[in-house]
Amino acid sequence: MENEKPASPDGGNVELGSVSPLPHLDPDPTTAFARIAERGNAAGLLRCADPRGLPEHRRAGAEWAARFLLDAKPGEVVICAGAQHALACCLAALSQPGHRIAVDPLTYPGLIALAATFGLHLIPVPMDDQGMLPDRLDALCRNHTIHGLYLMPGAHNPTGVRMPPGRREALASLARKHDLLVIEDDAYALTDPDRTPPVAALARERAFFIAGLSKTLAPGLRIAYLVTPPHQSKTLGRSVENSLRMTPPLTAEIAAAWIMDHTADQVLQAKLAETARRNDLARDTLGLLPARYRPHQFFLWLPLPDPWTARSFEQAARERGVNLLGAHHFAPNPDAAPAAIRLSLTAETNPDRLKTGLETVAGLLRGE
């Protein structure tokens with residue numbers, strides 16, 4: 001996916017497009033490999049198991065969900081091969097071709113791709129600086145048959161908007177009123193030190209929460225924890241079984257070990273400290289440009305002045321050696337995308353290359 005593409009470490013364009021999560025701070029797996037080798041039943045990790053995951057791995061998933069302030073029982077957790085796989089399993093299990101899913105006007109490109117694959121219609125709902133507008137969602141559901149609701153309230157991708165508790169409560173209430181299934185895919189929620197309970201915590205009977213590891217630990221693990229309503233774990237387990245039989249227990253074992261011994265928490269804190277420094281660098285480099293800065297955000301959202309469009313600026317930046325993503329990549333209807341770009345702060349390992357890329361963006365906007 002676009003947000004896990006590695007940056008070129010020694011030449012090539014500066015990568016401000018993908019949000020590869022500071023891979024130089026990922027944990028060294030050597031110790032984890034040694035622990036697995038010392039297990040008395042390590043060979044069991046290579047055998048077929050419950051498609052929902054081994055019990056100890058589901059316990060680790062419940063522990064990780066708690067980091068998002070979601071209280072989950074291990075029996076409500078399904079182990080998936082990354083957040084994209086979890087999202088695909090939800091759509092495969094819960095939707096039918098032609099179903100309509102309410103989304104923000106800009107949303108995760110991976111959802112847009114999956115909707116096309118499954119024949120689903122994404123219906124944009126206007127948002128403000130607190131997230132999706134409840135009155136507009138209510139009106140949409142009163143006038144049309146809407147089957148689901150997809151949200152990223154902790155740190156919206158690509159705009160960085162963070163949804164306050166009152167807005168979350170209003171959307172949970174509307175999901176209940178209109179019998180909407182909720183898929184909450186909050187990949188960047190842990191970048192907010194002042195987290196608030198997710199929408200899924202307010203509507204447990206109908207909400208599916210994807211607690212991934214790629215953005216905070218190591219994307220190569222391909223592990224995410226899908227927290228289901230209490231009565232839906234078997235349904236989602238069958239979806240995992242139909243897609244890849246089961247998520248490999250070997251990588252799930254590594255992820256579980258890093259969660260339970262708090263390696264994952266230590267890595268997260270190191271990455272948040274580094275992103276804080278990179279946000280300071282971006283603010284110093286971009287100056288008064290109207291970017292949305294957050295102390296620990298992995299990316300910036302930058303509206304563009306006339307006459308730029310998202311496409312024209314993306315192309316101009318590429319010609320100057322910088323990759324970035326225009327708003328059209330995040331729009332269900334690309335022609336309706338605003339003139340804005342998303343700038344990743346985390347793909348480049350070398351801060352000097354990051355600064356060079358940001359200076360190029362600032363120069364383009366100044367007409368240099």
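## Questions on a predicted chain

Visitor: As what does Arg-222 count, at 27% relative accessibility?
Guide: The model is a predicted one. A residue is buried under 20% relative accessible area and exposed over 50%, with partly exposed in between. Arg-222 has 27% relative accessibility, so it counts as partly exposed.

Visitor: What is the phi of Arg-222?
Guide: Most residues other than glycine have a negative phi. Arg-222, in the loop between β9 (207-212) and β10 (224-227), has a positive one. The value of phi for Arg-222 is near 55°.

Visitor: Which loop holds His-262?
Guide: His-262 is another residue other than glycine with a positive phi, near 70°. Its relative accessible area is 42%, so His-262 is partly exposed. His-262 is placed in the loop between α9 (249-260) and α10 (263-286).

Visitor: What is omega for the peptide bond from Asn-157 to Pro-158?
Guide: Pro-158 is in the loop between β7 (148-151) and α6 (165-177). The bond from Asn-157 to Pro-158 is cis, and its omega is near 25°.

Visitor: How many helices and strands does the secondary structure of the chain come to?
Guide: For the chain, the secondary structure comes to 12 helices and 14 strands.

Visitor: What is the radius of gyration of the chain?
Guide: The globule rule gives 21 Å for 368 residues. The chain is close to that, so it is as compact as a globular protein of that length. Its radius of gyration is 20 Å.

Visitor: What percentage of the residues in the chain is buried?
Guide: The accessible surface of the chain comes to about 14,800 Å², and 53% of it belongs to carbon and sulfur atoms. Buried residues make up a share of the 368 residues, and that share is 57%.

Visitor: Is Ala-340 buried or exposed?
Guide: Ala-340 lies in strand β14 (residues 340-344). Beyond its neighbours within four places in sequence, Ala-340 has contacts that include Trp-301, Leu-302 and Ala-327. Buried means under 20% relative accessible area. At 3% relative accessibility, Ala-340 is therefore buried.

Visitor: How many Å apart in space are Ile-146 and Ile-123, C-alpha to C-alpha?
Guide: Ile-146 is in the loop between α5 (134-143) and β7, and at 8% relative accessibility it counts as buried. Leaving aside neighbours within four places in sequence, its contacts include Ile-123 and Leu-180. Ile-146 and Ile-123 are 23 residues apart in sequence, and in space their C-alpha atoms are apart by 8.6 Å.

Visitor: Over which residues does pLDDT stay under 50?
Guide: The chain averages a pLDDT of 93, and 97% of the residues score at least 70. Where pLDDT is low, the predicted coordinates should not be read in detail. The model has 31 contacts beyond four places in sequence for the stretch where pLDDT stays under 50, which is residues 1-7.

Key. Residues numbered from 1 in each chain as written. Predicted model: local features only at pLDDT ≥ 70, side-chain atom pairs only at ≥ 80, totals over all residues. Heavy atoms only, no water. Helix = DSSP H or I, 4+ residues; strand = E, 2+ residues; numbered from the N terminus. Rg over C-alpha atoms; globule rule 2.2 N^0.38 Å. Buried < 20%, exposed > 50% of the residue type's maximum accessible area, 1.4 Å probe, protein only. Areas by Shrake-Rupley, 256 points an atom, 1.4 Å probe, with all protein chains shown as cover. Contact = heavy atoms within 4.5 Å. pLDDT = per-residue confidence, 0-100.
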